[in-house]
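Visitor: I've got a model to look at. Can you walk me through it?
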Amino acid sequence: MAAIRNYGIMWKTVSEDCNLACSYCYYSRVMGKPETIRRPEPRILEKVLADYLATCGRAANIAWQGGEPTLAGLNFFRDVVKLEQELAKPPQVISNAIQTNGILIDQSWAEFFKEYRFLVGVSLDGNQIVHDQYRVDSRGKGSWQRVLKGIRWLQKENVDFNILTVVGPHNVRHGRDLMKFYESEGFRWVQFIPQMSFQSQRPEDAGLYAISPKDYGQFLCETFDEWYNHGFPKMSIRYFDNVLSTYIGLTPDLCTIHASCPPHLVIESNGDIYPCDFYLDSRWKLGNIQDISLSEAFNTETYEVFRRMKPRLPETCQSCHWKPYCRGGCPRNRVFNLEADNTPDYFCEAFQMFFDYAHKRLQSLAQRIKAERARMALLRVP
């Protein structure tokens, strides 16, 4: 495979260590009681960042996840940005993003995020009654009030942040109320992920979800109505924004609606390398940064098997008229066999419901946006 440029990396910053015990977590198994905090050792941190910044091209995109990445401590992240500044090669631009449960965010964290332009994703499932059903600490105490306190610091310091909402039995039938709540709180950037019932360390269990395709489809239709806002969206919902981009003719950034999985690597705190956040068991390990480079990880046989998965769509997808907008969804949601026919995405029915419901309005909105872009381009002609 030719050398890959323009790729992103995700750090599992402290591996599974987390200070919450969310009952639906697809990754952490420490139940809110980490014995130690597994930060990357300095030599591993420097080796990964040096390798990545030397090979990724002009735009470097680094995501910090967990577990709960803020457990690594503010000084750890100060060391990170200092190292990035030392290793970056102008005109290289580094974009950092962090996904957090928000409960450790205070004024110092918010000022740091603002100073170094971190994009912050905060996990929040709705109002207090909804959120606290699943997002609890090791004592079973809800986290909503602590999360909102952290968000208020982000708002006070004008930090760019978005809300990540897990859609499960607690909120899937309340899409409209969820959108109204977020609008009332001034949360303008939101993304949804369906609640999983399997560990990313066990991808053979993929396809086990806590909600039905029909319920998720109805949820998408309800929230779309609120997002569409009579043709003038005033909130960003990542999935709807990305689907709209395909109608306009632009390249979406959401991996599930690409024809193939975009190049991306996940780095565990010990330097182990994987191809995706949902494929973190030993069968998908590409190597360790102490033994291979990031470029070599892309050239492993295991990565080649992973790369071939998403484009291998079942016949029902190949003949579906929504394929240009759906692209078959995500391989993790399919019963998969590289040597045989595969099943569609578990949420195929949900996506068909959504496109049947929203297609004409998406077309209309896309046409208006394209006309406006053409008009603005004409105005720029001297």
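Guide: Start at helix α2. Its buried residues pack against α1 (42-55), β2 (59-65), β3 (93-100) and α3 (107-115). Buried means under 20% relative accessible area, exposed over 50%, partly exposed in between (1.4 Å probe, protein chains only). Contact means heavy atoms within 4.5 Å.

Visitor: Which residues of α2 are buried?

Guide: Leu74, Phe76, Phe77, Val80, Val81, Leu83, Glu84 and Leu87. An α-helix has 3.6 residues a turn, so residues three or four places apart point the same way.

Visitor: How many residues has α2, and what is its reach?

Guide: Helix α2 covers residues 74-87, 14 residues. The first and last C-alpha are 20 Å apart, close to the 20 Å expected at 1.5 Å a residue. That expected span is 1.5 Å times one less than the number of residues.

Visitor: What kind of model is this?

Guide: It is a predicted model: local features need pLDDT of at least 70, side-chain atom pairs count only at pLDDT 80 or more, and totals for chains, interfaces and linings use all residues. Residues are numbered from 1 along each chain as its sequence is written, and side-chain values use heavy atoms, leaving out hydrogens and water.

Visitor: Zooming out, how many helices and strands?

Guide: The protein has 13 helices and 10 strands. Those are DSSP runs, numbered from the N terminus: helices are H or I, at least four residues, and strands are E, at least two.

Visitor: What share of the protein is buried?

Guide: Buried residues make up 54% of the 382.

Visitor: And the contacts in sequence terms?

Guide: Take contacts between residues at least 6 apart in sequence: 70% join residues at least 24 apart.
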